[in-house]
Amino acid sequence: MADGTTERVRPRDRILETAQDMFHKHGIKGVGVDAITEAAGTNKMTLYRHFESKDDLIIECLRATACKAGAIWDAFEAEYPDDKLAQLHAWVRKAADMLNADSRGCDMANAAIELSETDHPARRVIKELKEAQRDRLVSLCRGAGVGQAELLADTLSLLLEGARVSMQSVGAEGPSAQFVRMAEGLIASFRAR
């Protein structure tokens with residue numbers, strides 16, 4: 001701030017940011033509420049004042065992740081207005097950058113694996129968020145002039161998910177190193193049909 005004082009992060013935001021980071025690094029089941037509150041510099045009472053349960057905190061973390069993803073999509077549109085093909089190529093480059101920057105993979109996919117109970121409240125949120133991402137990719141492919149937009153979007157999605165798993169299991173030198181080349185080849189192939 002201009003007067004030299006530091007702006008304090010609200011406890012809810014601090015808890016949410018800390019939980020997101022810890023869940024990403026250590027997994028949802030590997031992190032307890034005590035560890036989150038300690039790392040956030042707060043206590044359980046404050047956490048439960050803002051989140052009814054750890055499950056509610058998980059859901060809010062997933063929604064925050066989805067908001068960050070939404071901002072990435074918005075950046076594609078802002079950088080390449082009215083050029084869906086350029087936006088699609090930007091999606092490929094951003095996906096590759098994310099693969100190389102972080103080998104932990106997708107927070108939503110990791111949560112889906114950890115929260116194997118079909119009735120877990122976060123499962124519905126994960127499904128909704130993944131479907132929304134798929135819909136955006138389908139729309140982008142369609143806008144880029146791809147006749148089989150849904151098939152390309154699903155193929156690119158599965159390629160990315162596979163690249164994330166490959167990165168986790170064999171590292172950057174494995175098949176994920178070919179992600180951009182494969183994705184660009186798929187786009188060219190589908191556009192040529």
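Reader: Is T46 buried or exposed, and how do I read that from its relative accessible area?

Author: A residue is called buried under 20% relative accessible area, exposed over 50%, and partly exposed in between, with a 1.4 Å probe and only protein chains considered. T46 has a relative accessible area of 9%, so T46 is buried. Please keep in mind that this is a predicted model, in which local features need pLDDT of at least 70 and side-chain atom pairs count only at pLDDT 80 or more, while totals for chains, interfaces and linings use all residues. Residues are numbered from 1 along each chain as its sequence is written, and side-chain values use heavy atoms, with hydrogens and water left out.

Reader: Where does T46 lie, and which residues does T46 touch?

Author: T46 belongs to helix α3, which covers residues 44-50; helices here are DSSP runs of H or I with at least four residues, strands are runs of E with at least two, and both are numbered from the N terminus. A contact means heavy atoms within 4.5 Å. When residues up to four places away in sequence are not counted, T46 touches P11 and I15.

Reader: How many helices and strands does the chain have?

Author: The chain has nine helices and zero strands, and from the N terminus on its elements read α-α-α-α-α-α-α-α-α. Its C-alpha trace spans about 60 × 45 × 30 Å along the principal axes, and 39% of the 193 residues count as buried. If you take the contacts between residues at least 6 apart in sequence, 64% of them join residues at least 24 apart.

Reader: Which residue gives an example of contacts between parts of the chain that are separated in sequence, and where does L156 lie?

Author: L156 is in helix α8, and with a relative accessible area of 0% it counts as buried. Leaving aside neighbours within four places in sequence, L156 is in contact with L88, W91, L137, C141, A183, L186 and I187. A183 is 27 residues from L156 along the chain, and the C-alpha atoms of these two residues are separated by 6.5 Å.

Reader: What covers the buried residues of α6?

Author: Helix α6, residues 107-114, has M108, A109, N110 and A111 as its buried residues. Their cover includes α4, α7 (121-143) and α8 (149-170).

Reader: How should I read a pair of aromatic rings, and how many does a search of the whole structure find?

Author: A pair of aromatic rings is described by the distance of the centres and the angle of the planes. Rings of Phe, Tyr and Trp (its six-membered ring) pair if their centres lie within 6.5 Å, and planes under 30 degrees apart are stacked, over 60 edge-to-face and the rest tilted. The search of the whole structure finds one aromatic pair. This pair is formed by W73 and F76, which are edge-to-face, at 6.0 Å centre to centre and with 75° between the planes. Because W73 and F76 are three residues apart in helix α4 (residues 54-79), about one helical turn separates them. Both W73 and F76 are buried.

Reader: Which ring does the charged end of R193 sit over?

Author: A charge sits over a ring if NZ of Lys or CZ of Arg is within 6 Å of the ring centre and within 35 degrees of the ring normal. In this structure the charged end of R193 sits over the ring of F190, 4.2 Å from its centre.
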